[in-house]
Structures are given as C-alpha cells and as structure tokens.
Amino acid sequence: MILKHTNLVEAELATIEGQRWRLVAILERNGKPIVVTSNIMDKSHPDVIKYNRHWGVHAEMRCIKKAPWGLTEGGTMYVYRWSNGSYRLAKPCPMCMDFLLAAGIKKVLYSTNQEELEEIRI
C-alpha cells in the first residue's frame with residue numbers, strides 16, 4: 001500500500017531533528033487525521049537516563065494519550081519511521097500493540113523498508 005500523510009510526517013519529523021530514533025504516529029478517524037505525534041527519546045529525568053540513555057516514550061503511546069476522549073475507538077493508527085533519508089520498518093512493538101488494542105484501534109498500518117505501508121490484521 002502506498003504511503004499516506006507524508007506531508008504530516010515530514011512536518012512532525014522536523015520537530016525531532018536531532019533524535020537518533022525518529023518515529024511518527026498518526027491517529028485517523030473517519031478518514032481524517034486527528035492526532036500527529038512523534039516519539040520522545042533522550043529527554044527524560046536524569047535518574048532514568050543514567051540506567052538507559054535511549055529511554056523514551058513511543059509515538060503510538062503519545063498519540064493515544066493526546067487523542068480527544070473517546071476518539072481512539074474504531075480509529076486507524078499509522079506509524080512511520082524515518083532513517084538515513086528514507087522510510088524504514090516501523091512495526092509497533094508488543095507493548096504499543098497492547099495499548100492500541102486497549103484503546104479500540106481497529107486498523108494499524110506501518111512503514112516498511114520498501115517505503116510502503118503494511119497492515120497488521122486485528
């Protein structure tokens with residue numbers, strides 16, 4: 001499937017320019033994007049960073065947290081990863097998938113190394 005929302009992804013990526021891991025999540029409801037977020041890496045409390053300097057909050061979790069109450073139910077989540085000038089594999093981790101299912105997300109699409117979208121069957 002062809003990439004979607006690339007203009008939103010590029011705008012969000014510009015806000016996290018210096019990060020090693022650059023992921024963007026977009027929550028879509030009724031065919032319209034309602035929340036766009038990125039991951040937050042290396043910006044945690046110093047006591048946490050001393051144990052794991054790459055700790056962060058995943059883009060999918062931030063997207064669910066920022067969504068207006070009740071609008072995650074039945075929504076579609078898009079997850080994109082950008083690295084070295086192209087889209088890369090961004091399949092949600094098991095922890096994020098648990099949160100997506102609990103939030104009532106009905107469809108999850110993620111970028112691949114072939115610069116396409118793959119769907120996770122829910």
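I call a residue buried when its relative accessible area is under 20%, exposed when it is over 50%, and partly exposed in between, with a 1.4 Å probe and protein chains only.

**Ground rules.** I am reading a predicted model, in which local features need pLDDT of at least 70, side-chain atom pairs count only at pLDDT 80 or more, and totals for chains, interfaces and linings use all residues. I number residues from 1 along each chain as its sequence is written, and side-chain values use heavy atoms, with hydrogens and water left out.

**Confidence.** I looked up pLDDT, the predictor's confidence in each residue from 0 to 100, and found a chain mean of 87, with 88% of the residues at 70 or more. Helices (H or I, at least four residues) and strands (E, at least two) are DSSP runs numbered from the N terminus. Confidence is lowest in helix α2 (residues 46-49), with a mean of 56, and highest in strand β7 (residues 107-111), with 97.

**Aromatic rings.** I counted rings of Phe, Tyr and Trp (its six-membered ring) as a pair if their centres lie within 6.5 Å, with planes under 30 degrees apart called stacked, over 60 edge-to-face and the rest tilted. The structure holds 3 such pairs. One of them joins Tyr78 and Tyr80, which are stacked at 6.5 Å centre to centre with 5° between the planes, and both Tyr78 and Tyr80 are buried. How are the rings of Trp82 and Tyr87 arranged? Their centres are 5.0 Å apart and their planes stand at 80°, so I noted the pair as edge-to-face. Trp82 counts as partly exposed because its relative accessibility is 25%, whereas Tyr87 is buried at 4%. Ring pairs link Tyr78, Tyr80, Trp82 and Tyr87 into a cluster.

**Ala90.** I found Ala90 in the loop between β6 (86-88) and α4 (94-102), and Ala90 is buried, with a relative accessible area of 3%. Ala90 lies 10 residues from Tyr80 in sequence, and their C-alpha atoms are 5.5 Å apart in space. Taking contact as heavy atoms within 4.5 Å, and leaving out residues up to four places away in sequence, I saw that Ala90 touches Leu23, Val79, Tyr80, Arg81, Tyr110 and Ser111.
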